Amino acid sequence: MKFNLVCLALAVLCGAAVAERARYDNYRVYQVRIETDRQLELLKAIEQNPDGYRFWSEPAKVGTEVLLVVPPHLRGHFSEIRAKLALRAELHIEDLQEQIDAESRASVRRESFGWNAYYRTDEIYAWLDSLVASNPGVVSPLNIGNSFEGRPIKGVKVSYKAGNKAVVVEGLIHSREWISGATVTWVLNQLLTSTDPKVRNIAENFDWYFFPVTNPDGYEYTHTTDRQWRKTRSQASVLCRGADPNRNWGYNFMQGGASSVPCSDTFAGPSAFSEVETRQLSDFVATLDNMSTYLAFHAYSQLLLIPYGHTTARLDNYAETIAIGTKAINKLRERYGTTYKIGNIAEAIYVASGGSIDWVKGVLRTPLVYAYELRDLGRYGFVLPPDQIIPTAEETLDSIIVILEEGAAYGYH
């Protein structure tokens, strides 16, 4: 009887959690500098037992910085930690809820789809459908299957002529990284509407496969329930939902930087490709025998990352990939002065195995594979204001043009 009552109580609590939207009133976001092994050890312990804390970036090594979300009831505890360990912490966001409200306020939205606001999955899909209708013979619909909760994973193919090499564009695999999907849709729109000769060149001489929302369940959950949600929404355990879809791919799965704890934000899943979303995307991508380039979009940190995440060992065309990427980020900087760094995942940020770009490179041997960590450097983190969508997308397209032009010069297309 007691066990049944406990189960009933949990069911009621879980049901209430689903029905209510998580709020982050007076939650603060700090940028914390890790300067000693002792500080790193403490932050890793907090990550494993957060009790209300939440990391926006993982505490991985000394000499790096992380963003840490501190709830109101832990301010005193955090002050004690800072004093005890001489932890350098700079306040970036005073009230996280205020920033979330500003990011999603209805007053900035237009009746038609655009890039002055962040749009939900159904709105993005409706816009994709409109592109198919208005660009017959050029834009064709893609539906690679359904998510765990039954939402379609939709995309479009853009092709102006036969015989082109393929470029795959992946967005919103991590659901809280809203700028990812907005950037992907803006780039897609430019390929169809821009008159710039360089844009027309890449639009018409490659076949493009766009998937703006590859984790639709998680993305919807960030709009309806918890803005900070990162994972899928599968049933990971009795108490926890979801796996990290960018730790779930079947190349060097669980070889570092991924968790086996179901409640962790970096839970890799019970097995490689356990998540239906990653399984269906990988199955589709594997059918493209003409793919020369794969571009994945994440946020934040202003990095251009290349495989691999499980090791610092160089990939087979490391020098050329770095050279092309360096030219790309130099071009990106020209428009607004936004600075990016480039590097292997394990070197540039931390060991993180099971990611999509590692599988695309390691299994499919795709020549050019990059993952963007878009704006910013932590001032807003995942909650990037909508007025930065277009500038972010503009400079990103500048760099994509260079990647494809330079790739052609190296004979990859």
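A nonpolar core is taken here as a set of buried Ala, Val, Leu, Ile, Met, Phe, Trp, Tyr and Cys residues joined through side-chain atoms within 4.5 Å, where buried means under 20% relative accessible area, exposed over 50% and partly exposed in between, with a 1.4 Å probe and protein chains only. The model is predicted, so local features need pLDDT of at least 70 and side-chain atom pairs count only at pLDDT 80 or more, while totals for chains, interfaces and linings use all residues. Residues are numbered from 1 along each chain as its sequence is written, and side-chain values use heavy atoms, with hydrogens and water left out.

**View 1. The largest nonpolar core and a second, separate one.** The largest nonpolar core has 74 residues, and those with the most contacts inside it are Trp56, Leu96, Leu188, Trp208, Phe210 and Tyr372. Helix H6 (residues 178-193) gives the largest share of this core, nine residues; helices (H or I, at least four residues) and strands (E, at least two) are DSSP runs, numbered from the N terminus. In soluble globular proteins, nonpolar side chains tend to be buried together.

**View 2. The surroundings of Leu96.** Leaving aside residues up to four places away in sequence, Leu96 touches Tyr24, Tyr27, Val29, Trp56, Val69, Gln228 and Val383, a contact being heavy atoms within 4.5 Å. Of these neighbours, Trp56 is also among the residues with the most contacts inside the largest core, as is Leu96 itself.

View 3. A salt bridge is a side-chain nitrogen of Lys or Arg within 4 Å of a carboxyl oxygen of Asp or Glu, and a search of the whole structure finds 26 of them. One of these joins the side chains of Arg176 and Asp265, at 3.7 Å from N to O. This pair links distant parts of the chain, with Arg176 in the loop between strand E7 (165-170) and H6 and Asp265 in the loop between helix H8 (216-224) and helix H9 (276-285), 89 residues apart. Arg176 is buried, with a relative accessible area of 2%, and a network of salt bridges links Arg54, Arg176, Asp226 and Asp265.

View 4. Lys327 forms a salt bridge with Glu406, with 3.2 Å between the closest N and O atoms. Lys327 lies in helix H10 (residues 318-336) and Glu406 in helix H13 (residues 389-409), 79 residues apart. The side chains of Asp398 and Arg335 also meet in a salt bridge, 2.8 Å from N to O, and this pair again links helix H13, which holds Asp398, to helix H10, which holds Arg335, across 63 residues. Asp398 counts as buried at 13% relative accessibility, whereas Arg335 is partly exposed at 43% and Lys327 is partly exposed at 44%.

**View 5. The largest cavity.** On a 1 Å grid over the protein atoms alone, a cavity is a set of points where a 1.4 Å probe fits but cannot get out, a pocket is an open set with protein on both sides within 12 Å along at least five of seven lines, and lining residues have an atom within 4 Å of a point. By this rule there is one cavity of 30 Å³ or more. The largest cavity holds about 60 Å³ of space, the volume being that filled by probe spheres set on grid points joined across faces, edges and corners. Its lining has 13 residues, of which Tyr118, Tyr119, Ile124, Gly181 and Ala182 lie nearest its centre, and H6 gives the largest share, four residues.

**View 6. The second largest pocket.** The second largest pocket has a volume of about 320 Å³. Among its 20 lining residues, Arg21, Ile100, Ser104, Trp178 and His223 are the closest to its centre. Helix H4 (96-103) and H8 are the elements that give two or more residues to this lining, and the largest share, four residues, comes from H4.

**View 7. Backbone features in loops.** Most residues other than glycine have a negative phi, and most peptide bonds are trans. The peptide bond from Ala299 to Tyr300 is cis, with omega near 5°, and Tyr300 lies in the loop between strand E9 (291-299) and strand E10 (303-306). Leu172, although not a glycine, has a positive phi of about 55°; Leu172 is found in the loop between E7 and H6 and counts as buried at 1% relative accessibility.
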